[in-house]
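Subject: Handover of a structure and notes on it

Dear colleague,

Please find below the structure that I am handing over to you. My notes follow it.

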Amino acid sequence: MIAKSKILISVFAALFLLLLGIQVYFMYKTYQVKERDIYRSVNDGLTNYTDSLEDIQEVKEKNDDSLQEIIIRYHNKEINRKDFLNHFIENRKSARERLIHYIDSRYQKDGYEISARIRYLSIVHLPDSSKVITEPIVIFETQDKLKNPRIASNGSWETSTTKRDDTEKGHVEKKNTFLVKTQTDFEIRNIKGIVFKELTLLIICCIILLSGVLLLYIFTIRNLIQQQKQVEVLHNIVDNISHEFKTPIATLKIASKALKKEWNPETLPLIDRQISRLESLMLQLHKDEIPDKMTAVQPEDWNFFIQDLSVTYPDTDFKLENTVSQELPFDKNLMETVIKNLCENSVKYGSSAIQIHIRNNSQQLEVEVSDNGQGMETKELNTIFEKFYRIQNNNIHNSKGLGLGLYFVKKIIANYGGKIEVSSQIYRGSTFKISIPYEN
């Protein structure tokens, strides 16, 4: 089950990362498409508007030779570069104002923060193809400078001095013709915010989708873990009950054989006690039938525990020293499990004599079980209480088990807040010391 869970987690992690990668790639491509659409829309608007400005400017220049004159003068080196640039700036002032007004009125209401720039890239004297300017001239630029400009449009127009002759054909002659190439570029400074704002709904849907898949997986894994815990609990109950059934069944068999041979008045109470224990074990399989009140252990119950063991294992000498003279707030069945599991473990590993000391002192129950069995190595003492653990060496007794007896002893004592200590020597036996606190 655990191995399958690990495989499921690995498979889901791979699929989830794949889905996440697909979603990120999809969002990235959508972002690029949306960004291009916005730039295309702004580009078309600026291009159309700047083209109209150039048309207006061309008509004006045809009626006004001031621009032609200043270019000629600069070309002939009659004025310096500074005066030449100032003339261009002043000459295009009205066009700049109209462009600023267009950007503010058209795009600011949509939340666009646009930086724009118009430049004369070159001015060429056509008759001899000589360059009037060697580097671009900025005719217009917004207050916020461009950092990553996008080219909006490139254009060109001619300016020349015209003269009509007096002939009947009225031929027009052009002199000092100059070709002016312009470029308008722009940048949307808050393009990322605009795109993400328009993609907000899509982003939220993707996050909800991924979160839903992740939550569904977590819910599934939690259910699997809960089912696994329930299976483990069921296994623990079955293991416990099967282990506990052994002693009363064995004791009843021996008592039955004894009754067949001869009548003994002590045999009937023994049978009653084992039947009661079997009933208690059966109740553990049906939790709804378990009584709310536990059966407290009485002073004489400790003696009965050992008497039953003596009947079950007649070849083993059990010696009990019981100084308890009052009822103790411990479950009788659990205490019987502790005593019998410890004693049966000693018998299993070759003990012929077992000493049990039971006493209560200062609201603390103390139990000591000593035997003369095969003993254990020191390295085994830290692992003998683990579930299903069995000592491999020295296991010379014919009785086999599942390695659950000491595990249940440790679990019961831990639930009562007590502690258990063990000491052992090879071929000299083992001693278990238990102390459990209680309140009257």
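Of the contacts in the chain with a separation of 6 or more, what percentage is accounted for by residues 24 or more positions apart? The figure is 71%. Please bear in mind throughout that this is a predicted model.

Overall make-up

The chain has 440 residues, of which 40% are buried. Its secondary structure consists of ten helices and twelve strands.

Annotated spans

The unreviewed UniProt entry carries the annotation "transmembrane region" for residues 6-28 and for residues 199-219. In the model, residues 6-28 are 100% helix and 0% strand, and the C-alpha atoms at the ends of this span are separated by 33 Å. For residues 199-219 the content is 95% helix and 0% strand, with 30 Å between the end C-alpha atoms.

Asn 43 in helix 1

Helix 1 runs over residues 2-63 and includes Asn 43. Asn 43 has a relative accessible area of 19%; because the cut-off for a buried residue is under 20%, Asn 43 counts as buried. Leaving aside residues up to four places away in sequence, the contacts of Asn 43 are with Ile 151, Ala 152, Ser 153 and Phe 186.

Helices 8, 9 and 10

Two helix pairs deserve a description, and helix 9 takes part in each of them. Two packed helices are described by the angle between their axes and the distance between the axes.

In the pair formed by helix 8 (residues 299-312) and helix 9 (residues 332-348), the axes come within 10 Å and cross at roughly 40 degrees. Helix 8 is therefore oblique to helix 9, and the crossing is right-handed. On the side of helix 8, the residues that meet helix 9 are Asp 301, Trp 302, Phe 305, Ile 306, Asp 308 and Leu 309. Helix 9 contributes Lys 332, Met 335, Glu 336, Ile 339, Lys 340, Cys 343 and Glu 344. Sorted by class, this contact between helix 8 and helix 9 comprises seven nonpolar and six charged residues, with no polar ones.

Helix 9 also packs with helix 10 (residues 405-415), where the axes come within 9 Å and cross at roughly 145 degrees. This crossing of helix 9 and helix 10 is left-handed. From helix 9 the contact involves Leu 334, Met 335, Thr 337, Val 338, Asn 341, Leu 342 and Asn 345, while helix 10 supplies Gly 405, Leu 406, Phe 408, Val 409 and Ile 412. By class, the contact of helix 9 with helix 10 holds eight nonpolar and four polar residues, and no charged ones.

Loop residues with positive phi

Most residues other than glycine have a negative phi.

Gln 363 has a positive phi, near 55 degrees, and is not a glycine. Gln 363 lies in the loop that joins strand 9 (353-360) to strand 10 (364-371). With a relative accessible area of 39%, Gln 363 is partly exposed.

Tyr 427, likewise not a glycine, has a positive phi of about 65 degrees. Its place is the loop between strand 11 (419-425) and strand 12 (429-437). Is Tyr 427 buried or exposed? Its relative accessibility is 61%, so Tyr 427 counts as exposed.

With kind regards

Key
Residues are numbered from 1 along each chain as its sequence is written. This is a predicted model: local features need pLDDT of at least 70, side-chain atom pairs count only at pLDDT 80 or more; totals for chains, interfaces and linings use all residues. Side-chain values use heavy atoms; hydrogens and water are left out. Helices (H or I, at least four residues) and strands (E, at least two) are DSSP runs, numbered from the N terminus. Buried means under 20% relative accessible area, exposed over 50%, partly exposed in between (1.4 Å probe, protein chains only). Contact means heavy atoms within 4.5 Å. UniProt positions are given in the numbering used here, feature names are shortened, and annotations may be inferred rather than shown by experiment. Axes are lines fitted to C-alpha atoms, for helices over the stretch in contact, and angles run from 0 to 180 degrees between N-to-C directions. Angles under 35 degrees count as roughly parallel, over 145 as roughly antiparallel, 65 to 115 as roughly perpendicular and the rest as oblique. A crossing is left-handed if the near helix is turned anticlockwise from the far one by less than a right angle, and right-handed if clockwise. Ala, Val, Leu, Ile, Met, Phe, Trp, Tyr, Cys and Pro count as nonpolar, Asp, Glu, Lys and Arg as charged, and the others, Gly among them, as polar.
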